[in-house]
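Please look over the chain shown below before reading on. The report after it is meant for someone new to this structure.

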Amino acid sequence: MRDKTQMYYARRGEITQEMSYVARIEGLSENLVMDEVAKGSIIIPANINHKNLKPMGIGRKLKTKVNANIGNSSLSSDICAELRKLEICLEFGADTVMDLSTDGDLDAIRSAIIEHSSVPVGTVPMYEILKEAKEVTNITNELILEILEKQAKQGVSYFTIHAGFLREFLPLVKKRKMGIVSRGGSLSASYMSKLNKQNPFYEIFDEILEICARYDVSLSLGDGLRPGCLFDATDEAQLSELKVLGELTLRAWEKDVQVMIEGPGHVPLNQIEYNMKIEQELCHDAPFYVLGPLVSDIGAGYDHITSAIGGTMAAYHGASMLCYVTQKEHLGLPNENDVREGIVAHKIAAHAADVALGKVGAIEKDHEMSDARYAFDWNKQFELSFDPKKARELHDESLPEDAFKSAHFCSMCGPKFCAYKISKDLDKGEKC
């Protein structure tokens, strides 16, 4: 059994089982994966206590990954509902899952999710810290470390901590239209403001690294000052925090702790490329994990689309993982269907970027789909879709009978106006 981090072994020229598995599913050489893990450009979130984990990698040289957030709130959901959401995440191809539960028996919910998940599970420990402390003013360094160690023992593979939001950045928030939209960021701000102290996660960062190194927990360095609207995008507050995240990345690598950087947020389309490039520069090419970015502020009810548009652009310019956004973003707690729609939208966004970038193996299924369409192989078309159930449902709305699964037309064109059929007749030299 491993007792060190993936980065520890990679830096010593040792290829772990996890590196080998990632290389195989990505179609890359084991040495390339090992070298990138050693540099910090690829991370393999794989807590040694997550027993049923199928390893996966996050990095620019790998296919773009998608994270799905689940978790309850004080107003809605329970363990069974969250496990059903997890099933949907796994069915529709989420590469990682974050448990963002904020109320109830957090230990039980988190343990159940880890037990049933074959993909890495991440958390924002600040939520449980606040639940235990009851008020931000009661938070202590000892409590923070206690919660982190407990979650690491349970098998959490990555922590989102907002350690780069420093007390001196608080005045920058006043220049914004929407202030702080990150829950973790707002709680950190409240702590610093009320107690007149520095960010505790920054203060005890070395102790946090010791816990991460013991269990091989990766750090997702959170963007507590991410922009929550287009007006605030790429402002001084966001970039000031990003610079500190770059410094913390180097400190983490000194301890062989794997790191990815969380990014915006709401960003106009024309600013996305700059955001991706400045992260690579300031954070030493650590993988970038972005929320969207959402390219408009007025997509309420359709923000999975608003986000997917920005996600494709972000991935094309260097983001390694997209955090899905659902149609309920800004409106409420996602239900099972919202999770499904959000994952599919972002899997499409990630795939589109991978095809454009020529990632190994990315375009092959598209070619298979073309062949299936031209051959009128409807069942194969359903099978190759990101959401086979929905593809079949939409086809069967108008032509449900089995006979139409082999028909050389659909309900759009009918038998006389199908371009494929006409084209096939032309190939045979028949008159149309």
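Predicted model: local features only at pLDDT ≥ 70, side-chain atom pairs only at ≥ 80, totals over all residues.

Residues are numbered from 1 along each chain as its sequence is written, and side-chain values use heavy atoms, with hydrogens and water left out.

**Domains and their interface**

The chain is divided into domain 1 (6–357) and domain 2 (362–428), with bounds that come from an automatic or database domain assignment. Their C-alpha centres lie 38 Å apart, and the contact (heavy atoms within 4.5 Å) takes 11 residues from domain 1 and 8 residues from domain 2. The area buried between the two domains is about 870 Å², with 60% of it given by carbon and sulfur atoms; buried area here is the accessible area (1.4 Å probe) that two parts lose on being put together, summed over both. On the side of domain 1, Arg 340, His 351 and Val 355 lose the most area to domain 2, together 45% of what that side buries.

Across this interface the rule finds 3 salt bridges, a salt bridge being a side-chain nitrogen of Lys or Arg within 4 Å of a carboxyl oxygen of Asp or Glu. Helix α15 (residues 336–357) contributes 8 residues, the largest share of the side of domain 1 that touches domain 2; helices (H or I, at least four residues) and strands (E, at least two) are DSSP runs, numbered from the N terminus.

**Salt bridges**

| Pair | Closest N and O atoms |
|---|---|
| Glu 87 and Arg 84 | 2.8 Å |
| Arg 176 and Asp 235 | 2.7 Å |
| Lys 328 and Asp 338 | 2.9 Å |

Glu 87 and Arg 84 are 3 residues apart in helix α4 (residues 79–91), so they are separated by about one helical turn. Arg 176 is buried, at 8% relative accessible area, and Asp 235 is also counted as buried, at 17%, where buried means under 20% relative accessible area, exposed over 50% and partly exposed in between (1.4 Å probe, protein chains only). Lys 328 is partly exposed at 25%, whereas Asp 338 is buried at 2%.

**Helix α6**

The buried residues of helix α6 (residues 126–133) are Met 126, Tyr 127, Glu 128, Ile 129 and Ala 133. Glu 128 is also linked with Asp 107, Arg 110 and Lys 150 in a network of salt bridges.
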